[in-house]
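Okay, thanks everyone, I'll keep this short. Let me put the structure up, and then I'll walk you through it.

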Amino acid sequence: MTVPMAIVDYIPVALFGAAAVLLLRDLYNKMSKGAFALLGAGVMMIFVAGCFKATWKLLYALNVCDFEALNAVFFPMQTTGFVLAAAALIALLTARQGHGAAYAVAAAPVPYTSSMIFVVFTVLGTLGICTCLTVIAARMKRRGAAVLFVVAFVFMLAMGYLSSRDFTEASMNWIAQCTNIVGQGALLGGVCLLHRAGLAKPGSIPGLVA
């Protein structure tokens, strides 16, 4: 683990954070309070989990300490965040957005010895998020954004697999870093295209349940 490698780990976290803030602002007037709360909690958990892991790497690289708890909480927290955010977007596209309407989702980051359960739910959560964003892009007739969300899913899926592996070679860590940056960059690019297309405007997404 090197300091440059640890610092680069903050880049995809920042890219995701920017995409999350933009998406939250644009969808605020379209989601019920319950669904919006799920989305906000979900993206916040994903963002914080990324910050925790990047900070663990930096502290380790600087020989300050091996704060293992920051690394151990990454998968449970990130997985829960993906599931919550996916549930919120699915609710947006399929449920009536009345006051407080949202799908009931119970999820808690529980420590397990095996990371496989987190890999499975991360894949499902990522699939839900990217599929919903692709549907939104298609309804708004923004093919470029739809393509970027598909690209984001492919690279985020690859990153989910890579995150579950233990790497001893620096080259493999750089591959994971680049994969994550491309995935989050594609996500941000797609969200920016939807924003420029007027996602924040009322009625910008055709077909929402009244």
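Look at helix α5, residues 74-94, and helix α6, residues 116-139: their axes come within 8 Å of each other and cross at roughly 30 degrees. Angles under 35 degrees count as roughly parallel, so α5 is roughly parallel to α6. As for handedness, the crossing of α5 and α6 is left-handed. And what is the contact of α5 with α6 made of, by class? You get 18 nonpolar residues, 6 polar ones and 1 charged. If you're wondering why I gave you an angle and a distance, that's how two packed helices are described, by the angle between their axes and the distance between the axes.

Let's zoom in on one residue there. Thr80 sits in helix α5. Is Thr80 buried or exposed? Its relative accessible area is 6%, and the cut-off for buried is under 20%, so Thr80 is buried.

Ala14 has a relative accessible area of 46%, so we call Ala14 partly exposed.

Okay, zooming out. How many helices and strands does the chain have? The count is 8 helices and 0 strands, so reading from the N terminus the elements simply go α-α-α-α-α-α-α-α. The chain has 210 residues, and 46% of them count as buried. On contacts, take the ones between residues at least 6 apart in sequence: 79% of those join residues at least 24 apart.

Last thing, confidence. The chain's average pLDDT is 86, and 86% of the residues score at least 70. Going by helix, α2, residues 10-27, has the highest mean at 96, while α1, residues 3-8, has the lowest at 88. The stretch to watch is residues 106-110, where the pLDDT is below 50. In the model, that stretch has 7 contacts beyond near neighbours in sequence. Where pLDDT is low, though, the predicted coordinates should not be read in detail.

That's it from me, happy to take questions.

Terms used. Residues are numbered from 1 along each chain as its sequence is written. This is a predicted model: local features need pLDDT of at least 70, side-chain atom pairs count only at pLDDT 80 or more; totals for chains, interfaces and linings use all residues. Side-chain values use heavy atoms; hydrogens and water are left out. Axes are lines fitted to C-alpha atoms, for helices over the stretch in contact, and angles run from 0 to 180 degrees between N-to-C directions. Helices (H or I, at least four residues) and strands (E, at least two) are DSSP runs, numbered from the N terminus. Angles under 35 degrees count as roughly parallel, over 145 as roughly antiparallel, 65 to 115 as roughly perpendicular and the rest as oblique. A crossing is left-handed if the near helix is turned anticlockwise from the far one by less than a right angle, and right-handed if clockwise. Ala, Val, Leu, Ile, Met, Phe, Trp, Tyr, Cys and Pro count as nonpolar, Asp, Glu, Lys and Arg as charged, and the others, Gly among them, as polar. pLDDT is the predictor's confidence in each residue, from 0 to 100. Contact means heavy atoms within 4.5 Å. Buried means under 20% relative accessible area, exposed over 50%, partly exposed in between (1.4 Å probe, protein chains only).
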